[in-house]
Amino acid sequence: MRWISILLGLSGTGAVGFFAVREIIMYPMYFFELVLGGLTRGSIYALIALGYTMVYGIIQLINFAHGEIYMIGAMTALIVATVLGMWGWNTAVIVILAFVFAIVYSCAYGFTVEKIAYKPLRNAPRLSALISAIGMSLFLQNYVMLAQTPDYLPFESLIPDFQFWEPFAHIITSVEITIIITTVIVMILLGLLIKFTRIGKAMRATAQDKVMAALLGINVNNVISATFVVGSATAAIGGVLIACHVGQINFYIGFLAGLKAFIAAVLGGIGSIPGAVLGSLVLGISESFFTGYFWSEYEDVFAFAILVLILIFRPSGILGRHDTQKV
Amino acid sequence: MNTFLKSLTVGVLSMMLFAAPGFASDTIKVANAGALSGDLAPYGISALRGVEMAVEDINEQGGILGKKVELMLGDDVCKPEVAVNVATKLVSDGAQMIVGHVCSGATIAANKIYKDAGIILISSSATNDDLTLTGEHPNFFRTISNDGAQAALMTDFAKNELKVKKVALIHDKGDYGKGQMELARNAFEKMGDVDIVLFEGVTTGAMDYSAIVSKIKRSEAELVMWGGYHSDASKIIQLIKKKRVDTLFMGADGIYGDNLPNLAGEFAEGVYATGPNDTSSNPKHQALTKGHQEKYGEDPGTFFITGYTCMQALAAAAEKAGTLEYEAMRAAMFDITVDSPMGPIGFDKNGDIVGAGFSVYRVIDGKYQQVN
């Protein structure tokens with residue numbers, strides 16, 4: 001019996017492997033395109049997931065309002081770009097200012113959300129802070145819907161179709177390559193920030209032991225604020241980039257993107273920064289493959305199924321630490 | 001409290017219950033239900049404005065059965081679950097006739113309430129076949145042709161005018177979009193000669209559609225047929241153009257109107273869509289368009305004319321029946337011929353419109369223009 005099951009298992013894996021290899025060899029460009037599409041999507045997830053994972057690492061809170069920060073970044077960029085465009089400013093200046101304003105606004109929102117919704121609840125049961133986060137998310141969505149518009153708004157790409165990129169445009173567009181490169185740069189900068197700067201060291205210390213860090217003279221409140229600001233900045237960059245990619249935004253885009261990024265963060269091991277990046281790329285590429293090789297109808301089902309599987313077999317995520325925690 | 005007082009209280013309370021509708025009987029309450037906010041609001045508001053203008057005209061001419069028409073509003077944001085709540089509220093507030101809803105999914109969900117309450121429902125935009133052809137919605141009428149007619153036109157145009165051999169059918173998994181693409185698939189299979197190389201649903205509102213666009217490219221489809229609304233269509237169209245995929249794009253009335261060109265900008269150029277027949281040469285249509293421009297300062301939206309016609313049809317049926325009672329109203333709906341801005345129209349035994357249809361349009365210089 002045992003031999004039969006091993007044989008069946010081997011032949012099953014062999015058959016799947018054979019078809020996968022044959023598919024890749026026959027259509028290498030298609031495979032390559034799906035990888036690049038998945039990387040683009042994964043990059044956006046990563047930019048958002050960083051905020052989730054950093055905040056969780058320090059105060060063990062799932063900041064559900066984070067998706068809305070990403071949406072506010074995109075909205076701000078749209079408003080700035082439209083106004084400056086009407087004044088007839090130079091395109092390059094508009095792009096830079098749109099990004100700067102988006103980042104500054106999102107950071108301000110992230111900072112304020114923490115002060116209003118989470119700080120008063122820091123010593124309350126964790127469930128209270130979680131509910132506060134969900135409330136903040138709904139508040140921001142509805143606020144933007146009422147203050148702006150419930151309609152979809154056209155978002156003219158801030159990133160033009162580069163002339164020199166023309167030979168490759170059918171494989172990966174200018175915007176997609178910009179997304180991937182920007183994400184890599186942001187990740188490197190963030191890595192340097194955490195590794196070498198004073199505030200980065202303070203963040204790591206606070207994540208390890210909040211009380212001990214405070215005893216050693218670290219201002220824990222400032223560190224937490226800084227974490228929210230950094231997370232909001234990367235989310236804002238993600239928001240502006242994705243709006244350039246698909247050409248439209250509305251008040252609701254933060255919900256699904258935030259949810260997927262959250263899955264990515266859990267997948268990689270929530271609390272771990274490399275884990276969030278890895279989880280995002282794994283999720284982005286596997287979604288892309290699933291749509292490309294199977295059925296796009298079940299793309300979201302698949303994403304959540306991965307989450308369930310990971311949680312069953314590796315509850316702390318791909319790179320998560322294995323210490324048990326009370327929730 | 002003794003028994004006398006108790007029964008007195010019950011008696012007074014129940015009299016209040018019976019009296020409530022009595023107070024309102026000096027007007028006829030007509031409700032307009034549909035998406036008045038949310039991303040599909042442009043469709044709902046275009047229809048509402050048609051209904052509003054028709055109500056004004058009817059009241060000017062003395063109302064229905066000598067009573068003024070009072071318009072009530074219900075906003076379902078095109079979501080079936082919200083639509084049921086809206087329907088319940090409208091019925092309990094005493095609506096006697098309903099114009100709506102705008103989206104097929106919401107209409108199907110809401111009509112359970114109207115059917116049980118015995119109220120005529122007439123839609124200016126819900127095109128799903130099930131609403132009329134299954135016989136499950138006897139109280140439902142519409143002033144727009146059904147998806148079957150639309151799918152027949154789309155597939156015929158694709159085969160005989162565009163002369164494509166390979167099509168990809170993509171939908172948004174909703175009642176309207178998926179239903180439409182299934183009809184198109186059946187029509188293509190019946191015609192033969194055209195290969196359906198892809199039949200897929202996508203998640204509406206998804207962050208990115210790169211993978212499905214790569215899939216379309218690999219399928220070498222010469223035409224992408226889209227079942228769904230304009231916001232997702234805009235994302236897919238932009239990616240198709242940006243990724244230099246050589247294919248045409250065609251949708252149904254879900255992407256017809258100014259919404260798609262506004263959202264997708266230059267990328268919308270060359271997109272095909274089917275929409276209600278262009279009846280702009282009709283003098284009534286011209287007068288209404290002028291009235292709309294004066295009142296709202298812009299051109300009318302997609303379902304303005306069909307919305308106006310809905311209200312006209314309800315008024316005509318009530319006058320003919322001489323009462324608002326359900327069976328009489330329903331019988332009258334089949335008898336009337338309405339002198340509408342689309343020309344003379346009536347209803348067949350299923351509740352579908354007779355005397356109107358669809359045409360094919362293409363975006364040229366940022367506006368849809370008729371091509372067939």
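This is a predicted model: local features need pLDDT of at least 70, side-chain atom pairs count only at pLDDT 80 or more; totals for chains, interfaces and linings use all residues.
1. The count of salt bridges between chain B and chain A of this model is six. One of the salt bridges links E166(A) to R244(B), with the closest N and O atoms 2.8 Å apart. Over all chains, the count by this rule comes to 21 salt bridges. Another pair is K217(B) and E33(A), whose closest N and O atoms are 3.0 Å apart. Because K217(B) lies in helix α8 of chain B and E33(A) in helix α2 (residues 28–59) of chain A, this pair joins two chains.

2. The extent of the interface may be described next. Chain B contributes 32 residues to the contact and chain A contributes 39 residues. About 3,100 Å² is buried between chain B and chain A, and carbon and sulfur atoms give 51% of that area.

3. On polar interactions, the rule finds 21 residue pairs in polar contact across the interface of chain B and chain A, with both residues at pLDDT 80 or more. On the side of chain B that touches chain A, at least two residues each are supplied by α2 (41–60), β7, α8 (210–219), α9 (230–242) and α10 (259–264) of chain B. Helix α8(B) gives the largest share of this side, seven residues. Sorted by class, the side of chain B that touches chain A has ten nonpolar, eleven polar and eleven charged residues.

4. Chain B contains an open sheet of seven strands with mixed pairing, in the order β7-β6-β8-β9-β10-β14-β15. Its edge strands are β7 (195–201) and β15 (367–370) of chain B, each of which pairs on one side only. On average, and with direction ignored, neighbouring strands of this sheet are turned by 30° against each other.

5. M250(B) stands opposite Y272(B), a residue of β10(B). Helix α7 (residues 175–191) of chain B lies across β6 (166–171), β7 and β8 (223–227) of chain B, and runs at about 160° to β6(B).

6. A further open sheet in chain B has three strands in the order β11-β12-β13, with antiparallel pairing. Strands β11 (338–340) and β13 (353–354) of chain B stand at the edges with a single partner strand each, so one side of each is left without a neighbour in the sheet. Strand β12 (residues 343–347) of chain B pairs with β13(B) in the antiparallel sense over two bridges. The bridge partner of G346(B) in β13(B) is V354(B). Helix α12 (residues 304–321) of chain B packs on this sheet and touches β11 and β12 of chain B, its direction making about 155° with that of β11(B).

7. Most residues other than glycine have a negative phi, and most peptide bonds are trans. In chain B, a cis peptide bond joins G100(B) and H101(B), with omega about -10°. H101(B) is found in the loop between β3 (97–99) and α4 (104–117) of chain B. V77(B), a residue other than glycine, has a positive phi, near 40°. The loop between β2 (68–75) and α3 (80–92) of chain B holds V77(B).

Terms used
Residues are numbered from 1 along each chain as its sequence is written. Chains are lettered from A and ligands numbered from 1 in the order in which they are written. Side-chain values use heavy atoms; hydrogens and water are left out. Two strands pair if DSSP finds at least two bridges between them. Helices (H or I, at least four residues) and strands (E, at least two) are DSSP runs, numbered from the N terminus. Axes are lines fitted to C-alpha atoms, for helices over the stretch in contact, and angles run from 0 to 180 degrees between N-to-C directions. Contact means heavy atoms within 4.5 Å. Buried area is the accessible area (1.4 Å probe) that two parts lose on being put together, summed over both. A salt bridge is a side-chain nitrogen of Lys or Arg within 4 Å of a carboxyl oxygen of Asp or Glu. A polar contact is a pair of N or O atoms within 3.5 Å; within protein, one must be able to donate a hydrogen and the other to accept it, and residues adjacent in sequence count only if both atoms are side-chain atoms. Ala, Val, Leu, Ile, Met, Phe, Trp, Tyr, Cys and Pro count as nonpolar, Asp, Glu, Lys and Arg as charged, and the others, Gly among them, as polar.
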